[in-house]
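Here is a friendly walk through the two chains, point by point. Please keep the picture open as you read.

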Amino acid sequence: MSGRAELVRGVGLVKWFGGIMANDAVDFSVAEGDLVGLIGPNGSGKTTLINLLTGHLEADGGEVRVLGQRVSGRPPHIYAAMGVARTFQLTQLFGRMTVLENMLVPGLTRPHSTWDEVVRRARRHLDFLSLGHVARLPAKNLSGGQQKLLELGRCLMLEPTVLFLDEPFAGVHPRLREELLDRIRELHRAGRTFVVVDHDMESILRISQRLVVMARGRKIADGAPDVVRADQTVLAAYAGL
Amino acid sequence: MRWLPVSLVLVAAAVVLGGAGRLNAYWMHVAIIAIYYAILASSWSLLAGYVGLFSLSHMAFASIGGYTSGLLTQSQRIPIPLGMLAGVLMCCLLGAAIGWVCLRMSGPYLAIFTLGFSEIVRITIATEDDVTAGMAGLHTERLFATATTRLPYFYAAFALLAVSLLLMGLLVRSRWGLFLRAIREDEQAAAASGVTVARCRIVAFAIASGFAGLAGGFYAHYIGIMTPSVGDLDEMAKLVVMTVIGGMERLPTAVGGAFVVQFLLEWLREYGQWRLPVFGIVLLLTMRLARNGLLTPLWLPLLRLGETRDQPLVAASTLPRKEPGT
């Protein structure tokens, strides 16, 4: 990440749930222009790490910095205001609101935003995500794949510096998965920074430039995908070899 | 076509205002009380329907508004409108405090918390005889002391309802209204979208409580006496029923619910002891057949009629795929 600005950094992050340590002194950083794949078996602490890095959980130890500022313990809207956007493992839309309204909410939280400008931007993003024709439908009426696309669109409305996507390909029809992959690639080429968590190893390997592997709450590998894939620790932890 | 729903509401308002003079004293009283409940139902729908905060302290705030105004006009000799304004401010402050205390509560926890607050208010008013006159009731100054008919009260109540609906309507149609609905749908996703959830919840509590205080203030200076029963649980249950029967997710349907229930209860009086069981059956049927309220299916088509299609429905494949901003 030489020469590139560090956007989000977690240092020694610790999180306990009852007697279980979900994150054990995890260091994680993402720099401008990264496209990081975050993988690991079930229960390895990936979603907990995302929740800590986006303000949805408070760490029991360690700290989170966004654009160099310590933000640990601050509410999630502060992270969003600093350009940290996220999607959820189980899609969390504003179900009874229309697709367009879902897009307007984050857009209108931006300082100095005007209604007309936000509507124009929302329609542009919806067209880009092939959701323009369903703008007036309630979000709950969309298919699973379209809902994932809408969550991505909602993130874009924040004009984010970094997007954390939690299992964006889970349960998505293969055709829509391709569409989602294409959109992520296009957005990355246009300068967006991504951290993508997923079980779908094939999809993750197709897009990521850097791979981070977690197991039992710890980060066990961090590097170029080809190098990480050949790592014996990773193979042992991830594939049970 | 966009202004169709608004035009129809204005025409209906003109008809009501024009025909009010023909009502006899009894039905005029029923109409005024229905308007009092309409202000309460619409403001409760702002809280429960738009933000999803099922508060059971709304009638307690009406009571606080009424007692504050009644006591101030009596002891400080301030004009009634100023007393009512003081009641509104008091309710806004207390509402904000309650909103802050129960920031992390929702569903049954919030309902029980606000029920507890409501009972504390009612029992305090009932037992503090020296200040509130307790169960005997606090005699309050009448808004139109020299009026010989109820018509001025009707117009005053109607004006208060119109102003309340206008202000609440502006709120729900603004970006803040969008944020409130987003919080109702998913607080976590709203926060991730940059919505200041805590602030919005507190402000919603304060505003809704303020309107409850306004209704309570009017009631105090219309009836001429405030008793602890204004804020009791039966009254709260009636308010919930009104709002739910009308449709709690829209202000006009909540207002309609207040009118329907108030007039229905009066009309059912001729059934004597069967009045409440018959009303109960209406409630059961509504919950079974129209869970979004009886009036929502009438109001929504009206809104759709007023909509204009500003973009053609086109196939996804024909849409441009250019990355925004590039």
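1. Let's start with strand β7 (residues 162-166) of chain A. In this predicted model, 5 of the 5 residues of β7(A) are buried, so the strand is largely enclosed by the rest of the structure. A residue counts as buried if 20 or more other C-beta atoms lie within 10 Å of its own, as exposed if 12 or fewer do, and as partly exposed in between, with C-beta atoms placed from the backbone. Both faces of β7(A) are covered: V162(A), F164(A) and D166(A) are buried on one side, L163(A) and L165(A) on the other. Helices (H or I, at least four residues) and strands (E, at least two) are DSSP runs, numbered from the N terminus.

2. A word on conventions. Residues are numbered from 1 along each chain as its sequence is written, while chains are lettered from A and ligands numbered from 1 in the order in which they are written. As the model is predicted, local features need pLDDT of at least 70 and side-chain atom pairs count only at pLDDT 80 or more, whereas totals for chains, interfaces and linings use all residues.

3. Which strands are joined to β7(A) by bridges? Strand β6 (residues 84-86) of chain A runs parallel to β7(A) and is joined to it by 3 bridges, with A85(A) opposite L163(A). Strand β8 (residues 194-197) of chain A is also parallel to β7(A), through 4 bridges; there, F164(A) has V195(A) as its bridge partner. Between β7(A) and β8(A) the chain passes through helix α6 (residues 174-189) of chain A, and this β-α-β crossover is right-handed. That term applies if, with the strands pointing away from the viewer, the path from the first strand over the helix to the second runs clockwise. Two strands pair if DSSP finds at least two bridges between them.

4. Next, look at D198(A), in the loop between β8 and α7 (201-207) of chain A. Is D198(A) buried or exposed? D198(A) is buried, as 21 other C-beta atoms lie within 10 Å. Apart from neighbours within four places in sequence, D198(A) is in contact with residues including I39(A), E167(A), F169(A) and S203(A). Contact requires the C-beta atoms of two residues, placed from the backbone, to lie within 7 Å.

5. Chain A also has an open sheet of 4 strands in the order β2-β1-β4-β5, with antiparallel pairing. At its edges stand β2 (20-31) and β5 (69-70) of chain A, each with a single partner strand, so one side of each is left without a neighbour in the sheet. Strand β1 (residues 6-17) of chain A is antiparallel to β2(A), with 8 bridges joining them; G10(A), for instance, stands opposite F28(A).

6. Stepping back, chain A has 9 helices and 10 strands. Its radius of gyration is 18 Å, close to the 18 Å that the globule rule gives for 241 residues, so chain A is as compact as a globular protein of that length. The radius is taken over C-alpha atoms, and the rule is 2.2 Å times the number of residues to the power 0.38. Buried residues make up 48% of chain A.

7. Chain B comes to 14 helices and 2 strands.

8. Helix α10 (residues 197-223) of chain B is mostly covered, with 22 of its 27 residues buried, and just after α10(B), G224(B) takes a positive phi of about 95 degrees. Helix α11 (residues 233-246) of chain B has 14 residues and reaches 20 Å from its first C-alpha to its last, close to the expected 20 Å (1.5 Å times one less than its number of residues). Among the buried residues of α11(B) are M236(B), L239(B) and I245(B).

9. Finally, how do the chains meet? The contact takes 33 residues from chain A and 28 residues from chain B. On the chain B side, α8 (175-185) and α9 (187-192) each supply at least two residues, and α8(B) gives the largest share, 6 residues. The chain B side divides into 16 nonpolar, 5 polar and 7 charged residues. Here Ala, Val, Leu, Ile, Met, Phe, Trp, Tyr, Cys and Pro count as nonpolar, Asp, Glu, Lys and Arg as charged, and the others, Gly among them, as polar.
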